[in-house]
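Please open the structure in a viewer and keep a selection tool at hand. The stops below say what to select and what is there.

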Amino acid sequence: MASKKTQYVVVPSGGLVAAESNPAQMLFFQALQQTFSSSSKVHSLSTNIGMLPIKVVDSIGENKAKLIECTPDDLPALRASHPSVRILPLVYFQRAVHRYQVHAPFAARSTRAQAKAAAKPGAITLAIISAKDGKPVPNAMVVAFTDFASRAGAQGKTNSKGQVALTLGGSNKKIERLYIYPALSYWPVLQNNVTLKAGMKVPLPTIDLSAIDCVRYFYGGNDSTLGEGLKVGVIDSGVATNHPDLVVEGGQNTVPGEKPTDFGDNGTEGHGTHVAGIIAARGTPPSGIGGVAPGVVLRSYRVFGQGADNASNYAITKAIDAAVADGCDLLNMSLGGGDPDTLTAEALTSAHNAGVVVFAANGNDGRQPVSFPAANSMCQAVSAMGRIGMFPNGTEPEGSVAAPYGTDKKNFIAEFSNIGPETDVTGPGVGVMSTVPGGYGVMSGTSMATPAETGAAARLLATKPDILRMPRDQNRAAAMITAIAGASKLLGFGAVYEGKGVITV
Amino acid sequence: MSRYILRYGGSQSMPAEHLENIRSTPGLKVVDESPKMLLVEGDEATLSEKLREMPEWSLHPEVEYPLPDTRKKVG
C-alpha cells in the first residue's frame, strides 16, 4: 500500500543557508528553488532507485530552507542521494512541558530477599543449570510472567548455587512465559506455557563461539585486516579494556564527576563491551570471537556513569565532540529514547560537518517510531533484523521472530525493533554472540544491529581510500553515506522497516 | 537546583572571560566543562539573562537517555 504524502522541511546540514563550499548542496537547493518558482512545483529527483517526485510547497529563499512534500517511503532514497541536507519533520509546538524520561533499573532481588521469599509459602525455588554438564549457573536473571500482557509475575537473580526463589503465590504455578538471561557463557532461554514446581531444573545451552549467528551469517570471514584504516568510536557504557579479544586504542569517560581516563566497562550488563566486540573483536573461534571489522582502530567513549542505566545529553554531546576531535571516522551510538534534544542534534550536525558518520539504534519499543537520536537525519538509523536458524531451539531469540519476512523467508524484522521513514539501514541484531566483561554473551536489540552496520560500513569504506583521504568536512561525510547507500541491498521488508536495506560487503 | 548545558557556537575556543563571567555569577556553579560546553547548576532565568550578554552561547536543559534493552521485566 502506498504511504501518504507528508510535509518535511529540508535545510542544509550546517546552518540554514546552503554552503558555497558544497556545490552538490548548493545545486540541490537552487534546483528546488526553480521548481518552487515553476507552475507544477514538482521536482523530479534522480536517485539510485529511479526518479522521485518531490513537491516544493514553500521556500524561505533561494539557498535556504524548503518545505517539501513526499511519501515517507521516499525518504531513505532522498537522504542517500543528498546526504548533506537535513530532512526534518514538520513540527507543531504546544505549550512547552518538558518531561524527563527515566527507565526503571532492572529490579534484581538480593540473595537475602530471595532467601526470605523461599521461606514464604507461595515461593518456588528453581535451579538454573548448564545443559552441557549440569553445573549451576549463577547471576542469571530469571523472569516469570503469569500474565505477559500485563507484565505480572516475579523475577530474581540466581545465587552461587544457581538457585532463584520466585514468589508466585503457589508451589505449583502455570507460567505464560519464562525468560532466563544468563550474564555470560550461555544462551538466554524462553519457555512458553510452563508449570513451575519447587526444585525444577532449567538447563541453558552453552555458547559455541564456532557457531554461525546472524551477524556471522551476513558478515562472516576471519580476516584481521577488515576495516583497516578506519577509526571507530563507541559511545556507550564503556568497553572492557582487559578483554583478550578487544584492543581499545583510547577514549574518554565524559560522565561529570568521574575519572576521564576510566572509559572501561561501567559495571552494568556489559552493553558497551558487547557492542564493541560486534564491531572490532579480534579473537578466533572456538576460544574467541571475531567482529565484523577487526582491523579498525577502536575507541571507547563512556557516557553512562558507574552502575548507571541512563546517560545525559551533556555526556553524549561531550563524547561526540571528543570522538570527532580524536579523528574518529565512524561513531556508534546504541542508545536513545525520549524527546529530540537540540544539544545532541547540534553535535551530530557538527560531526557530519567534520566528515564523520554516526550510526544510531532505532530503539526497542516494538514497532514504535524511531527513537532520537536515530531519528535525527544526521544519523544513520538502524533497525534490527534476524534470521531463522541462527539461534538454538528453545532460546530467547525465538520470541523476536515476527512479520514482515523478507524475500528470503528466513529473514525477519525483529519483533522489538522500532520502525519508520527515518530508518536508513537494517542490521542483524537477534541472538548475537559477542564479548562481555569476563567472557562472551548473547544479546539482542537494535543496539546489536547498529554495530553490525557500523562494522560493515568500516569494512566497505576501508576499500574506498579516495573517500577516506578527502578533507574532513561535510563532503567527506556525504561521500561516505553515498557509498554506504550504494552498497546496501534491499531484503524485501519495505522502506519503513529496512531503509536502503543491509550493507553488503 | 536544575542543571543546564551551555554550548559555545563560536568558531574559536570559548573565551576565557565568558567562562569567568559565568563562574563569578552568584547562584551559578560550573559542574563540568569541555572545550565547547559548560554543565552548570543554577536557575534558568539567571542563565538566560546571562546569555543575553553572550549571544554565541546556547542554553539547553540536561536530559537523560536510557540504554536500550530488549530484556523483559515484571511490572
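Helix axes here are lines fitted to C-alpha atoms over the stretch in contact, and angles run from 0 to 180 degrees between N-to-C directions. Helices (H or I, at least four residues) and strands (E, at least two) are DSSP runs, numbered from the N terminus. This is a predicted model, in which local features need pLDDT of at least 70 and side-chain atom pairs count only at pLDDT 80 or more, while totals for chains, interfaces and linings use all residues. Residues are numbered from 1 along each chain as its sequence is written, and chains are lettered from A and ligands numbered from 1 in the order in which they are written.

**Stop 1: two helices of chain A**

Select residues 446-461 and 474-486 of chain A, which are helices α8(A) and α10(A). Two packed helices are described by the angle between their axes and the distance between the axes. Here the angle is about 105 degrees and the axes are 10 Å apart. That makes α8(A) roughly perpendicular to α10(A) (angles under 35 degrees count as roughly parallel, over 145 as roughly antiparallel, 65 to 115 as roughly perpendicular and the rest as oblique).

Which residues of α8(A) meet α10(A)? Show the side chains of A:Ala457, A:Leu460 and A:Leu461 in α8(A), then those of A:Met480, A:Ala483 and A:Ile484 in α10(A). Two residues are in contact if their C-beta atoms, placed from the backbone, lie within 7 Å. The residues of this helix contact divide into six nonpolar, no polar and no charged. For these classes, Ala, Val, Leu, Ile, Met, Phe, Trp, Tyr, Cys and Pro count as nonpolar, Asp, Glu, Lys and Arg as charged, and the others, Gly among them, as polar.

**Stop 2: chain A as a whole**

Now select chain A, which has eleven helices and 25 strands. Its C-alpha trace spans about 80 × 45 × 45 Å along the principal axes.

Of the 505 residues in chain A, 57% are buried. A residue is buried if 20 or more other C-beta atoms lie within 10 Å of its own, exposed if 12 or fewer, and partly exposed in between, with C-beta atoms placed from the backbone.

**Stop 3: a sheet in chain A**

Select β9 (163-167) and β12 (201-204) of chain A, the edge strands of a sheet, each pairing on one side only. With β6(A) they form an open sheet of three strands in the order β9-β6-β12, with mixed pairing. Two strands pair if DSSP finds at least two bridges between them. The twist averages 30 degrees from one strand to the next.

A:Ala127 stands opposite A:Gln163 in β9(A).

**Stop 4: backbone exceptions in chain A**

Most residues other than glycine have a negative phi, and most peptide bonds are trans. Go to A:Asn139, where phi is positive at about 65 degrees. A:Asn139 lies in the loop between β6 and β7 (141-147) of chain A and counts as partly exposed, with 15 C-beta neighbours inside 10 Å.

A:Ser185 also has a positive phi, near 80 degrees. Look for A:Ser185 in the loop between β10 (172-181) and β11 (189-197) of chain A; it is partly exposed, with 18 other C-beta atoms within 10 Å.

Next, select A:Pro285 and A:Pro286, which are joined by a cis peptide bond with omega of about 5 degrees. A:Pro286 is in the loop between α5 (271-280) and β15 (297-302) of chain A. The bond from A:Ala403 to A:Pro404 is cis too, with omega near 5 degrees.

**Stop 5**

Select chain B, whose elements run β-α-β-β-α-β-β from the N terminus on. Its radius of gyration is 16 Å, well over the 11 Å that the globule rule gives for 75 residues, so chain B is more spread out than a compact globule. Buried residues make up 32% of chain B.

Finish at β16(A), residues 310-312, which pairs with β5(B) in the antiparallel sense over three bridges. Here A:Asn310 stands opposite B:Pro66.

Methods: Rg over C-alpha atoms; globule rule 2.2 N^0.38 Å.
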